Amino acid sequence: MASRKIEWDEITPEVIREWAYDEEAYLISQDEDLLLYQWELLPVLLELIADAHCPKRQWIYFALCQLTRESVTRRGKAGQVALSNAISSLEPPTEAWLADWYAYAQRVLGHMQPTGRIDRETAAHMAKDLLLGVAGRVGDITAGSEESPGWLRFTLQTSVTEHIDVCLATGDVQYTPWY
């Protein structure tokens, strides 16, 4: 299949739409998803995911799920605030993929707010949401080991190693990337 590079100076909704509806188009040759990791693009990303005729719909959905996951882990408090602000004005979507993403976004934001004592099963679900997400990322999470008293460590090894530590007494979560 031939490919066509779209020329752009700034990633705008118009550029994203042009790219999304052309199966042969690309924006950059590697890590194209990183260009979509901007909450300012959320309206166009939601629009494209909702369109069953968009050729890159699934790919965009995966990118949005990873943006969500990385906002609460790698981007820390600022990323959590950005995600919270991005979804605060949205009505709960009815389209299946968007509804799943919206529920996931609310869930990972909730994971970052300690709620009190939790059990190992809840800690494992939290770690899965925060390390793998719901779409687009694969791998095996090493089950929770007690690295320090009362804290379980869950590890995902991909091209990098990432840890989620969960406190069973408080529900507090700490994310640690290891490059």
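Student: Let's start with a glycine. Where is Gly171 found?

Tutor: Gly171 is found in the loop between strand E5 (161–167) and E6. Keep in mind that this is a predicted model.

Student: Which residues is Gly171 in contact with, leaving aside its neighbours within four places in sequence?

Tutor: Beyond those neighbours, Gly171 is in contact with His111, Pro114, Gly116, Ile118 and Met126. One of these, His111, is a buried residue of helix H5. For a sense of distance, take Ser29: the C-alpha atoms of Gly171 and Ser29 are separated by 41 Å, and the two residues are 142 apart along the chain.

Student: Let's follow His111 into H5, then. How do I read a helix like that?

Tutor: Begin with its span. H5 covers residues 96–111, which makes 16 residues. From first C-alpha to last, H5 reaches 22 Å, close to the 22 Å expected at 1.5 Å a residue. Next, think about which way side chains point. An α-helix has 3.6 residues a turn, so residues three or four places apart point the same way.

Student: Which residues of H5 are buried?

Tutor: The buried residues are Leu98, Trp101, Tyr102, Tyr104, Ala105, Val108, Leu109 and His111. They pack against helices H2 (42–50), H3 (57–72), H4 (76–88) and H6 (120–131), and also against strand E6 (173–178). With a relative accessible area of 46%, Asp100 is partly exposed.

Student: What happens at the start of H5?

Tutor: There, a side-chain oxygen of Glu95 reaches to within 3.0 Å of the backbone nitrogen of Trp97.

Student: What sits over the ring of Trp97?

Tutor: The charged end of Arg57 does, 3.9 Å from the ring centre. Arg57 has its place in helix H3.

Student: Is Arg57 buried or exposed?

Tutor: Its relative accessible area is 15%, so Arg57 counts as buried. The side chain of Arg57 reaches the backbone oxygen of Ile49 at 2.4 Å. Ile49 is itself one of the buried residues of H2. Leaving aside neighbours within four places in sequence, Arg57 is in contact with residues including Leu48, Asp51, Glu95 and Trp97.

Student: How many aromatic pairs does the model have?

Tutor: The count comes to four. One of them joins Tyr61 and Phe62, with 6.3 Å centre to centre and 50 degrees between the planes, which makes the pair tilted. Tyr61 is buried at 8% relative accessible area, whereas Phe62 is partly exposed at 29%. Ring pairs also link Tyr61, Phe62 and Trp97 into a cluster.

Student: Which residues have the most contacts inside the largest nonpolar core?

Tutor: They are Ile16, Trp19, Ile60, Leu64 and Trp101, in a core of 54 residues. Trp101 brings us back to H5, where it is among the buried residues. For Trp19, leave aside neighbours within four places in sequence: its contacts include Ile6, Leu27, Leu36, Trp59 and Ile60.

Note on methods
Residues numbered from 1 in each chain as written. Predicted model: local features only at pLDDT ≥ 70, side-chain atom pairs only at ≥ 80, totals over all residues. Heavy atoms only, no water. Helix = DSSP H or I, 4+ residues; strand = E, 2+ residues; numbered from the N terminus. Expected span 1.5 Å × (residues − 1). Buried < 20%, exposed > 50% of the residue type's maximum accessible area, 1.4 Å probe, protein only. Contact = heavy atoms within 4.5 Å. Polar contact = N/O pair within 3.5 Å; in protein donor to acceptor, adjacent residues only side chain to side chain. Phe/Tyr/Trp six-rings, centres within 6.5 Å; stacked < 30°, edge-to-face > 60°. Lys NZ or Arg CZ within 6 Å of the ring centre and 35° of its normal. Core = buried A, V, L, I, M, F, W, Y, C linked by side-chain atoms within 4.5 Å.
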